[in-house]
Structures are given as C-alpha cells and as structure tokens.
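Hi,

Here is the structure I said I would pass on.

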Amino acid sequence: MTERFLRFLASLRLTLPLLFGLALGAVAGTVIPQNLTPAEYEGLYPAALTVVLKALQLFDVYRSWWFIALLGLLAANLLFCSWQRLPALGKSLRDIPAAPPPYDARRQFIATFFLPGGDSRGTADAVAVFLKRRFSTPRRFLHGTNVTLAAQRGAWTSLAVFAIHGAILLVLGGGMTGAFLGFQGYAVIPEGKTVLELLPRRGDKPIPLPFGLRCDAFTVTFHEDGRRPREFKSLVSILEDGRVVRERQAITVNNPLSFGGIRLYQSDYGPAAPPRVTLRVHPPVPGVPFETTLAPGERAPMTHGGEVRLVRFVANFRDLGPTALVEVMTSGGASYALPVFQHRPDLDQAHHFKDLQIHLSSFQQPYYTVLLASRDPGVPLVWSGFILLAAGLTTAFLCSRRRLWIALAPQKDGLALTVTGEWRRNPATATAFFRRLTQEMKKELGKED
Amino acid sequence: MSGFFFFNVAAIFLFAALLLFLLFAAARKLFLGNWGRNLTLAGLLFLTLGFALRWWESYRLLGHEGHIPLTNFYESLVFFSWTVLLAFLLIDWRFRLPILGAVVTPVALLFLLAAQLTGDAAIHPLVPALKSNWLTFHVLTCFLGYAAFAVACATAVLYLIRTKEKTGGQPPTKTLLPEPELLEEVHYQAVLVGFLLLTLGILTGSAWAHRAWGSYWSWDPKETWSLIVWLIYAALLHARMVRGWGGKPLAWLSLLGFAATLFCWLGVNLLLPGLHSYGAL
C-alpha cells in the first residue's frame, strides 16, 4: 500500500495534473483581483459569489492551502521521481548493454557491410582504435566467435534532468525559507527624521529594525519634458546605539543599499509638508522691492499697500517647471490671480499689473521617502537554484546521449559488420552523423587490408 | 531617414514574401518558395537596419541616456516580428521548410503593421525602474523565447493540417507538406529552445526584480503569466514522455501554450494592471 502510494507520488502521471492545476490556480489569481478589502469585493461580485470565492480562498490564491498543497505535491513528485531513478542513473553512466535494444526506426540507425577476408580479433582492434578517436572508448563483449564493441557519448547529460529537478526544489526551498524567516516592510521617513521600525506589508504590527534609519535628503529630478521622472534618490544614514555607522548613502531605483542582512529599496515618496515658496515682489515706484516666503493659502502684506497670497504651487506645470499661482489684492479691494514661473520669468511679464512685478525666486519642498526594507535568507538558495536550472537546461538542450554498437560476425570468407547507432534527440542530425561515421570506418578498415 | 522608414521598407518586402509563399503553396513550384525566403531575409535585414538606426537615434537624441530600442510597446511589436522571422529562417536553413513561411510571414507582418499603424514611435528617456543592464538580457531572452513558441505553434498547425490530409481518403502522392515525423521533430526542437529561453527570461527578470523592486517574485500578473506559460510547456515536454501522448494532443497543447504566451505578452499589458505597465499603449 505504502509502496503503491510512493510509486504514485513518483510517477509522471501525477506530474501533468499538478502542472496544469498550478497553471489554472495562477490564472485564477490574475483574473480575480487579489487581497482587496471586503467593501471592494462587494462592488465587484454579487454577495453569493463572494462567499463561494472566499471559501475557496480565491481572493488570496498564492497563499491558499490548496495552492501551497499543489506546490508541496510537486516538490514531493520531483523528489521521489529523482530518488527512484537515481540507481538507474548511476548504472547508465557507467554501463552500456552488450547489445542494442530491439530495433526502433524512430531512434536507431542501422547499417551492415561485409569485409572480405577480415578476422574478428584484428578488425575489432582496428574498430576500437577508430571509435576511441572518433566517438568514445568502446567496451568489448564476446559471444563465442562474435565480438561486439559498444560505446556511448554524452551519457552524463542524464545528470542534467536531475540538476533541473534539483534546481526547482532549491528554488521552492528558498521561497519557503524566505516566507518563514524573512520579512518585508516599509520605512516611511520625512527628510531629517529617523525611524526604528517598519510598517508591515500585511497586517498592522510594526516590525522593529535592528538599526536606526535616517533620511538625510530626498530628491526627485525630471527629464526635460518635465513629466517623466529621471531619478528618485534618498540619502540615508544608518545609526547604531545613536552612533552613525553609515553616512549619507545613496539609494536609487535599481541600486538598493545592503546593511546587516537587510536590503533597502527606493519605493515611493511624497510631500512631508506644504511647499514654501519665496516670491520676489517689485511694487510700483514708491514701494520697496522685497521677498516673502509663503505656503499655499498664506498671505503677506505688500510695502505699498494691499496683499499677495499664494494660491497654489506645483513643482512641474506642463514643461514649464516650478509654477505658482498668486493672487494680488489691492488696497482698493480688487483682486487678480496670476501665474509665475521660476524658470520662465519671461512669461511673468505677460501678467504685469500696474507696474507690479512678482517673480518666483525659489521654493522648498520637504519630502518623505518610502523605503522597502527586506530580509530574505532564502535568496542564496534561490540563486543557486537559478544557476543550476540554467546550467541544467542549457546542457539538456545542447547535448544528448548517443550510443553505438558495432557487431562483428565471422562468415565463410570474411566478416559481417552491423553498425547500430541510437539517439535520444535530433534524428536527422544523428542519422547523418552515424552514416558519416560508418563510411569513414569502412574506408579505414578497407585501407588496412 | 529613421528607423520608422526602414520598418516600412521591411513591411513591403514581407508583404511580397507573403504573396510568394502563398503562390508557392498554391502552385507548388519550389522557386517560388526560394524567392519567398530571399525576400523574407531582405525584410529581416531592413528590420535589423531600422533597429540599429533607432538605437543610434536614441543616443543622438538623449545623449548618455540613450538605450536599446526594446523598452515600449511599439518597439516590442517590431522586435517580435524580427525574432519570429529570425526563428523561421534558422529553422528553414536547418530543415528546409519554406512552407512554414506561409504561416510565419503573415504573423510577422501583422505585428509589424500593428506597430507602424497604431504604435507611438517617439523615442523617450527611460523611467528609473528600467535603467538597468538587466533590461537587455531580460527582454532579449523573453522575446526570443516567444518567437520560438510562435514557430513551434506554426509547425503544430502544419502538423494538424498534414495529419488531417492523410486521414481524408488517399494520401496525396506529392504533398506540399513534409512528413509528419519531420514536423514533430521541428516542433519539439522549437519548444525546447523556447523553453530554455523563456526560463532564462524568467530567471533574468527575477534577478532584476530582486534588484529593482526588492523581491525576486511578487506574483505580478506578468510574472504569474510567464509562470503559466512555463508550466504549460513543462507539461508538454513531460507529456511527450508519457505513453499515449502522440503528435496530435501535443500539437494542440502547443497551440494552448502559444495562446498563453500571447496573453502573457499582450493580454497582461492591455488588460491587467501591474508592475510591468511600461508596455501599455
């Protein structure tokens, strides 16, 4: 009973349903939105359907018991299948049967020819030398007066299949290690501040960090079109026991920072406080030019009477750069709104109002940065799995096993030779190869006589 | 002159090649197939020229921020056309299968025209996430894999036609299509190449994701669909070893695999939200 169960676990008949089952589960996981809030699902599906989908854990497919069970079964299948074939593998690496398997046109090449006056011993020696040079060192089998030389090439490529299956087990093991022993969380840090814990990706229990993480500065730069971001960059310092151990290290997208087994990634950003915009005001002649720094909504009196108010500020308006919308209120009670551009003061001129000039001289935007902090001790396992997988697949693709038997049977006035070549892949190329080999051998044996 | 112009020239050659392949299928004169092959090669050369020019243009326009032209939907459509043609010519060179051209050139032409007529051919600087050396390896391996699956699918179609031809009455004495065994073999080889390349594509993507997004696997729809494609072709390769799975079920499985491949590339970009949204229209 147990043995039958183990044989089932190891069989290819189990592999196919597992592969298809995982594929179907994955399809469901992309078609049904995952991990939304109950309210969001309410808007998507009728209540009855929601109950069914939830019961089947289709709202969190990749963590559902059935998806993980399928992965576990696949791992068991790989493991038992490899284990079962291991003894045969060792044997096929070392040994080659004394005679070819029964003829099968799809995987074998056969040619016979007659060598007049040849004797089996001497010819076998010559063939062995030829094979050693052109194919691989043959083994010699004797049945009475008949001699068979058997040789194989690329037998070790059977190892590639084991490597591939082992690699997948390594990747699955690495994934599990990461899931149990690793963590991921976000550090949301305003410029100049330090955090000691992370917001978790799931749930709401904060994850303590083994060090303090300070954001010294965050910058975002844009391409000339003003819309496409060029670079997001955080400068961070790492503190241990209040002491700075790493200072002003840059983290950008694609360039994380590693410290103490934790990798820190640039993930997001946002404004930590309203921008502070410095306006330069040139009032009409009796008034004196002055500068004032305002946040949106704030207002300042002007030296010649009236007020200026900052309505709105955007760091990038179209492709015109930093732009502020200001409102001028005269002492008479009239009000006018006008945009001013830091990089295009020439456009400010268009809005001149009674000799009053307003320019945007600078602005300050305090940011917060969002860093993803990740600890994943499974990564080395996954990487070694990847390397093994790539190597195994490349080997299995480039090479395959070929076996060759040459049977020498003494006849009345000579020697009958039967060449049997066997391949696993690429019949056309293999057939051409064995045909060429047979002709070369024929020529060489003829020469010696 | 720009890359766009050369892609149009390529489209003209491919259209002529397609006509010749169709004539070849109808008249069964070998010289027609040979000319179809030559024109396909010319089309491929113009596509290559267009790509080289576009690459150079991106450096002229963006300075040191220039990049390989494999970074948006337009470029991916043209590049798919390029890889499919390359895969066809390689297989034809090795196995002499000009009739495959009658299936492959329309596909290549379709994608090329879709790019030229609907795509945004402007060259833009890259967003920060795409600025990585992994980009080239990842996109190259994935798309070469897609192309191998496309050609495998084309041979599967030919196989299904060929086997149907035989069962319907007398086998034709001089058939246009090669022996089913040859088609099966070409199909298997193409799937094998595709599987290797797709695996390398997933691995490079995973390594890149670890560097850019902080996780080698995050069940993003693109990642998940590449896994679905991988599982289907893994099933195909294993099904070949189980007795009872002959040519026909495998051919159908190959059609399913390529449908999933197309969805992984186009469907995910156009229908599902996710991290791989650079490719959206």
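Predicted model: local features only at pLDDT ≥ 70, side-chain atom pairs only at ≥ 80, totals over all residues.

Residues are numbered from 1 along each chain as its sequence is written, chains are lettered from A and ligands numbered from 1 in the order in which they are written, and side-chain values use heavy atoms, with hydrogens and water left out.

**Where the chains meet**

Chain B puts 47 residues into the contact and chain A puts in 46 (contact means heavy atoms within 4.5 Å). Together they bury about 4,100 Å², 70% of it on carbon and sulfur atoms; that is the accessible area (1.4 Å probe) lost on putting the two parts together, summed over both. On the chain B side, Pro128(B), Arg211(B) and Tyr216(B) lose the most area to chain A, together 16% of what that side buries.

The rule finds 1 salt bridge across this interface (a side-chain nitrogen of Lys or Arg within 4 Å of a carboxyl oxygen of Asp or Glu). Arg230(A) and Glu65(B) pair up in a salt bridge, at 2.7 Å from N to O.

Which elements of chain B give two or more residues to the side that touches chain A? They are α6 (180-212) and α7 (221-239), where helices are DSSP runs (H or I, at least four residues) numbered from the N terminus. α6(B) gives the most, with 16 residues.

**The second largest pocket**

α6 of chain B turns up again here: α9 (379-398) of chain A and α3 (73-95), α5 (134-167) and α6 of chain B each supply at least two residues of the lining of the second largest pocket. α3(B) gives the most to that lining, with 8 residues.

Cheers
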